[in-house]
Amino acid sequence: MTQQGKGAASVRPGLPFVEQSGFEILGEEERAVQQAMHKFAREVMRPAGIAIDKLSADEVIAQGSPYWEFMATAAASGIEFDAASDDVPPQELAKLQAIVVEEFGWGDAGLAVSLAGAAFPNMMAKRAGNQELVELTAGKIGAWVATQPDRGSDGTMLYPAERHALAPQGNKGNLTAKISGGDIVINGQSSAWVSNGPVAQVAILSIVADYGDGYFDSEGHPHGVEVVVPLDLPGVTHGKPLEKLGKRALPQGELFFDDVKVPVRYAVSLGDDYWHGHASTWSTAGVAMGELMTGLARAALEYALEYVHERRQGGALLAEHQMVQSRLGAMARKVETMRALARRAAEYTALSPAKHPYYTGGTKVTCTDLAFEVADEALQLFGGNGLTREYPMEKLFRDARAARIEDGENHLLNMKFGYLNTQLYKGGRVGS
Ligand SMILES: Cc1cc2nc3c(=O)[nH]c(=O)nc-3n(C[C@H](O)[C@H](O)[C@H](O)COP(=O)(O)OP(=O)(O)OC[C@H]3O[C@@H](n4cnc5c(N)ncnc54)[C@H](O)[C@@H]3O)c2cc1C
């Protein structure tokens, strides 16, 4: 036995090993990627996001703004949202992607979504194996156009049985395509929420389509098309950038289409393949949301840890009070939970022979609700300072709030995950 007081430290457990991202062991390459992305997130993304957050929506997209400076720096550094590579097995790639996107979310969630939206048409063209579209979308700022003024959550309704009993058919929305003679002709407008809408050069549209027999099938469910559209075509107009709460570094706004014509070969999914295509595209987005909001929550936790080691109340640092330690413990548990779930969703979506956006929608709900709880509690630990623009918390709180509506509103996604579970039960896949 060691003598009391002498060498006592050596018989107590030391601090555990942790990575930048907490309680896990990364491979050498993973750690190198994480460190490189963290440097970019810390030195470029975070200061840019804070500066852009203070601007009006018009100022964000004005020539020479910090937004454009950020996009140019990201492009020049070869920083990409899509880590696709033929050389890396899908499971490893999914983890690498999760590591990268978490760092982006740590840097700035709005800019992370802007990078994601920018890469989205190109990612989907690669998935479809359409080389012409891969080249057409490469190096351009992209956007994903799914929601419209009258078709928000309804665009996420994959099955006729989800429709309300009083609705004879689905919702066509305000942006539709007519497909005939080898062409796709697009008319109408998107919602004001399209990420990168005001700055995008190319978009992937997921919209209702008429193949010559009307917009609806025999079950009253809409037909659809996923199509890539260059936004410099005649008939395309960009709307004004949207003033909003949260993710202010992300330009959002409407896109208008007046008889915009593209060849059918620009479609990524078409006819009977549409709903599968849309489901697959949406799964990709849901996975990314979980990963990047893990980064935001980690940033909130770290800011809170820093603050409680500076602020004294009750005769001690906040960090020395047990109640504060308990609150920090709850926050840290949530961040660990989010990361584990986001990685699980990424791996499942990369490997599953039949992935599903109602599952990734469910994981998105967990991650974004937990991110909001962590940001809220971090703000609370700052006391009154949490509410002022001089401290970082009110921005993170606003950014976290937006994510509970983005990429599917959370109550609705919860309902969809529940619906999916009832279908799995009926299909004998659970409960047997
Ligand atoms: C930061 C951010 C980024 C976004 N980026 C994009 C983008 O890149 N591209 C894009 O196309 N869109 C984008 N959106 C739009 C987003 O996908 C929609 O806002 C979201 O899907 C909800 O649609 P909505 O706003 O029309 O709400 P609504 O669908 O009108 O929902 C309003 C309320 O009604 C409830 N509700 C709706 N339907 C039902 C139902 N059937 N049963 C019960 N309750 C229901 C919902 O739960 C919700 O609380 C973005 C939004 C945000 C906030």
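## A tour of pockets, ligand and cavity

Begin by selecting helix 5 (90-107), helix 6, helix 8 and helix 9 (322-351), each of which supplies at least two residues to the lining of the second largest pocket; helices here are DSSP runs of H or I with at least four residues, numbered from the N terminus. A pocket is an open set of points on a 1 Å grid over the protein atoms alone, with protein on both sides within 12 Å along at least five of seven lines, and its lining residues have an atom within 4 Å of a point. The model is predicted, with local features needing pLDDT of at least 70 and side-chain atom pairs pLDDT 80 or more, while totals for chains, interfaces and linings use all residues. Residues are numbered from 1 along each chain as its sequence is written, and side-chain values use heavy atoms, leaving out hydrogens and water.

**Second largest pocket.** This pocket holds about 590 Å³ of space, a volume being the space filled by probe spheres set on the joined grid points. Among its 22 lining residues, select D82, L93, Q97, R127 and A350, which are the closest to its centre. Helix 5 gives the largest share of the lining, 5 residues. If you then colour by domain, using bounds from an automatic or database assignment, you will find at least three lining residues in each of domain 1 (28-137) and domain 3 (276-426). Colouring by class gives 12 nonpolar, 4 polar and 6 charged residues, with Gly counted as polar.

**Largest pocket.** Under the class colouring, the lining of the largest pocket divides into 19 nonpolar, 15 polar and 7 charged residues.

**Ligand.** Now select the ligand and the 18 residues that surround it, of which W144, A146, T147, S153 and E409 are the closest; a residue is included if one of its heavy atoms lies within 4 Å. A polar backbone atom of W144 lies 2.7 Å from a nitrogen atom of the ligand, a backbone N or O atom of A146 is 2.8 Å from an oxygen atom of the ligand, and a polar side-chain atom of E409 is 2.4 Å from an oxygen atom of the ligand. On its own the ligand has 970 Å² of accessible area, of which the protein covers 67%, by the Shrake-Rupley method with a 1.4 Å probe.

**Cavity.** Where does the largest cavity lie? Both domain 1 (28-137) and domain 2 (142-273) give residues to its lining, so the largest cavity lies between them. A cavity is a set of points where a 1.4 Å probe fits but cannot get out, and the count comes to 1 of 30 Å³ or more. Its volume is about 70 Å³. To display the lining, select L55, S56, A57, V60, P241, L242, E243, K244, R248, L250, P251 and Q252, which divide into 7 nonpolar, 2 polar and 3 charged residues.

Technical notes. Polar contact = N/O pair within 3.5 Å; in protein donor to acceptor, adjacent residues only side chain to side chain.
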